[in-house]
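Q: I have a chain here that I want to go through before planning anything. Can we start with the terms and then walk along it?

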Amino acid sequence: MTDVEIGIGKTGRMAYGFEDVSIVPSRRTRDRSDVSLAWDLDAYRFQLPILSSAMDSVTSPDTAVELGRLGGLGVLDLEGLWTRYEDPAPVFERLAETPATQAVSALRAAYDRPVDPELVAARVAEIKAAGVVCAGGVTPSRAVELHKTAIDAGLDILVIQGSVVSAQHVSSSGEPLNLRTFIAGMDTPVIVGGCANHQTALHLMRTGAAGLLVGVGPGKACTNAGTLGLGVPMATAVADAAGARRDYLDESGGRYVHVIADGGMSTGGDV
């Protein structure tokens, strides 16, 4: 790929979002009745290649159950309001009515209540009782603390998600999560992310993750791109991660890791 000049002594390369790329039918097309969108993650099979974002504004226990019944996978935020309040409905209503100028302080107040491990177990059990696959999201800093409670309650798939997750994290304030060691000790499949380049994707695959979230933050609700200037257009990020998977397939002797686009899709054409 040809580099482009950014400034004196600095070069980069062009990157593309989904809206910049078109897929054009070629010589052969296939009847839609002969096409399956089903996919397997470890021992679990899904008819729809869709995961919900582990965000309070996207996934409730009811949403997770309904998506599971439709053939997808709902991912509940195990650090969200559903695991902080017995009945979070009034909190959601209050936040929805809060003026934009007061939104930050209102969110801080709502999430000031600590996560209740008993509610973590209860929400997982609620989803499992509906007969669907249960997935829950945690941040790297809370994974060790919360994963056992969730798994003991029946969690099937653990999602470890942050704005940017790397295989190695350096911190002077405490012992960071060692993903390779953590995942090696798990019987439950783990999805990790996000990442946005080939090298990080390859390193995360080497931790033993079953799936990889690609993208810096969960889509349109994420403010990282605007506030921090972090991000890679999604078509390029997914292609780079898929390239890392190809390299990892050769390196690992055929172990396949799912590459999951986390955000960046805004139209039917993108999907």
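A: Terms to begin with. Buried means under 20% relative accessible area, exposed means over 50%, and partly exposed is in between, using a 1.4 Å probe and protein chains only. Helices (H or I, at least four residues) and strands (E, at least two) are DSSP runs, numbered from the N terminus.

Q: And what kind of model is it, and how are residues numbered?
A: Residues are numbered from 1 along each chain as its sequence is written. This is a predicted model, in which local features need pLDDT of at least 70, side-chain atom pairs count only at pLDDT 80 or more, and totals for chains, interfaces and linings use all residues; side-chain values use heavy atoms, with hydrogens and water left out.

Q: What does the chain average in pLDDT?
A: The average is 90, and 91% of the residues score at least 70. pLDDT is the predictor's confidence in each residue, from 0 to 100.

Q: Where is confidence lowest, and where is it highest?
A: Lowest in helix H8 (residues 224-228), with a mean of 71, and highest in helix H4 (residues 117-129), at 98. Where pLDDT is low, the predicted coordinates should not be read in detail.

Q: Let's take H4, then. Which of its residues are buried?
A: Leu 119, Val 120, Arg 123, Val 124 and Ile 127 are the buried residues of H4. Looking down the helix axis, they fall within an arc of 135°, so they line one face of H4. The arc is that of the directions from the helix axis to the C-beta atoms.

Q: Why would residues a few places apart point the same way?
A: An α-helix has 3.6 residues a turn, so residues three or four places apart point the same way.

Q: What is on the other side of H4, and what covers the buried residues?
A: Glu 118 and Ala 129 are exposed on the other side. The cover over the buried residues includes helix H1 (61-70), strand E5 (75-77) and helix H5 (143-152), where contact means heavy atoms within 4.5 Å.

Q: What happens at the two ends of H4?
A: At the start, a side-chain oxygen of Asp 116 comes to within 2.9 Å of the backbone nitrogen of Glu 118. Just after H4, Gly 131 has a positive phi of about 85°.

Q: Which residues of H9 are buried, and what do they pack against?
A: Among the buried ones are Met 234, Thr 236, Asp 240, Arg 245 and Tyr 248. The buried residues of H9 pack against strand E2 (10-13), helix H7 (198-205), strand E9 (211-214) and strand E10 (258-261).

Q: What does Thr 236 touch?
A: Leaving aside neighbours within four places in sequence, Thr 236 is in contact with Arg 13, Met 14, Ala 15 and Tyr 16. Thr 236 has a relative accessible area of 8%, so it is buried.

Q: And Met 234, buried or exposed?
A: Buried, at 9% relative accessibility. Not counting residues up to four places away in sequence, Met 234 touches several residues, including Tyr 16, Phe 18, Val 214 and Asp 262. Met 234 and Asp 262 are 28 residues apart in sequence and 8.5 Å apart C-alpha to C-alpha.

Q: Which peptide bond is cis?
A: The one from Gly 193 to Gly 194, with omega near 10°. Gly 194 lies in strand E8 (residues 190-195). Most residues other than glycine have a negative phi, and most peptide bonds are trans.

Q: What about the phi of Asp 42?
A: Near 60°, a positive value in a residue other than glycine. Asp 42 sits in the loop between strand E3 (39-41) and strand E4 (44-46), and at 56% relative accessibility Asp 42 counts as exposed.

Notes
Polar contact = N/O pair within 3.5 Å; in protein donor to acceptor, adjacent residues only side chain to side chain.
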